[in-house]
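The sequence and structure are shown first.

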Amino acid sequence: MRKVLYLFLGVFFAVAASAQDKMFVNLADLLSDEGDVVTTLNKTKRTKSQIYLSPGADYEIYSTDNKELSRYLKKRTYAVRLNDTLYINCKHLKYKKYRFGNWYAQAELIKGHVYFQAQPLGQIASSTLVPKEGSKLGGTVGDAINASNLNDKVFYVINPGTGEADFVGKEMMTRLLSTYQPTLLEQFSQESSEKADVIGKYLEQLR
């Protein structure tokens, strides 16, 4: 009976540990799930006004009773998993010469790679999205400002070799589907948008 009880407790604590919230200091630790267990973290979705005033990702993650931990989360932590949802700290990420800004973006771990949604940057902003209103400014920065909308997101994937982000557009999605879901290639070829709501449907099929 005692052996059965010990076995039950062992399974219980193993399941509880796997469901605990964790924070990760780098990409390698995230991919190997070797993070520090945390219990006092909170998440707040930033408002449009906050994003306009302080550009960056959608979520702030912090500790309500530990200011040092909050600072660590903002500046040093690479990623956090809360309630089985992964959030990546955009402060540490860039796409080519562009940075995503501060705060956290919701992410997905698929086939050993981290995919996350963020506003389009650089040429992606001018080629993927069409300005809805207003006069167009010149230059690459102007294209990004004119084309980008707070509600418009695209997918990026973190390159495990460089640690930088790569754009997940039609070209990359076609390669992924060719490898994992070739039956969806014809359907995907009919898509005309590279926005997150479209690409996300096919990324879900790769799980």
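## Lys153

Lys153 is found in the loop between helix 6 (139-147) and strand 11; helices (H or I, at least four residues) and strands (E, at least two) are DSSP runs, numbered from the N terminus. Lys153 has a relative accessibility of 15% and therefore counts as buried. Buried means under 20% relative accessible area, exposed over 50%, and partly exposed in between, with a 1.4 Å probe and protein chains only.

Leaving aside residues up to four places away in sequence, Lys153 touches Asp58, Gln117, Ala118, Gln119, Lys195 and Ala196. Contact here means heavy atoms within 4.5 Å.

## Basis of the model

The model is predicted: local features need pLDDT of at least 70, side-chain atom pairs count only at pLDDT 80 or more, and totals for chains, interfaces and linings use all residues. Residues are numbered from 1 along each chain as its sequence is written, and side-chain values use heavy atoms, with hydrogens and water left out.

## Helix 7

Helix 7 spans residues 170-180, and its residues Met172, Met173, Leu176 and Leu177 are buried. Seen down the axis of helix 7, the buried residues fall within an arc of 130 degrees, so they line one face of the helix. The arc is that of the directions from the helix axis to the C-beta atoms. Glu171 and Thr179 are exposed and sit on the face of helix 7 turned away from its buried side.

The cover over the buried residues of helix 7 includes strand 10 (113-118), strand 11 (154-158) and strand 12 (165-167), as well as helix 8 (185-189) and helix 9 (196-204).

## Aromatic rings

The structure holds 7 aromatic pairs. Rings of Phe, Tyr and Trp (its six-membered ring) pair if their centres lie within 6.5 Å; planes under 30 degrees apart count as stacked, over 60 as edge-to-face and the rest as tilted. Phe100 and Tyr156 form an edge-to-face pair, at 4.9 Å centre to centre with 80 degrees between the planes. Phe100 lies in the loop between strand 8 (98-99) and strand 9 (104-110) and Tyr156 in strand 11, 56 residues apart. Both residues, Phe100 and Tyr156, are buried.

Phe116 and Tyr156 form a stacked pair, at 5.7 Å centre to centre and 25 degrees between the planes. Phe116 lies in strand 10 and Tyr156 in strand 11, so this pair ties together parts that are 40 residues apart in sequence. Phe116 is buried, as is Tyr156. Ring pairs link Tyr95, Phe100, Phe116, Tyr156 and Phe167 into a cluster.
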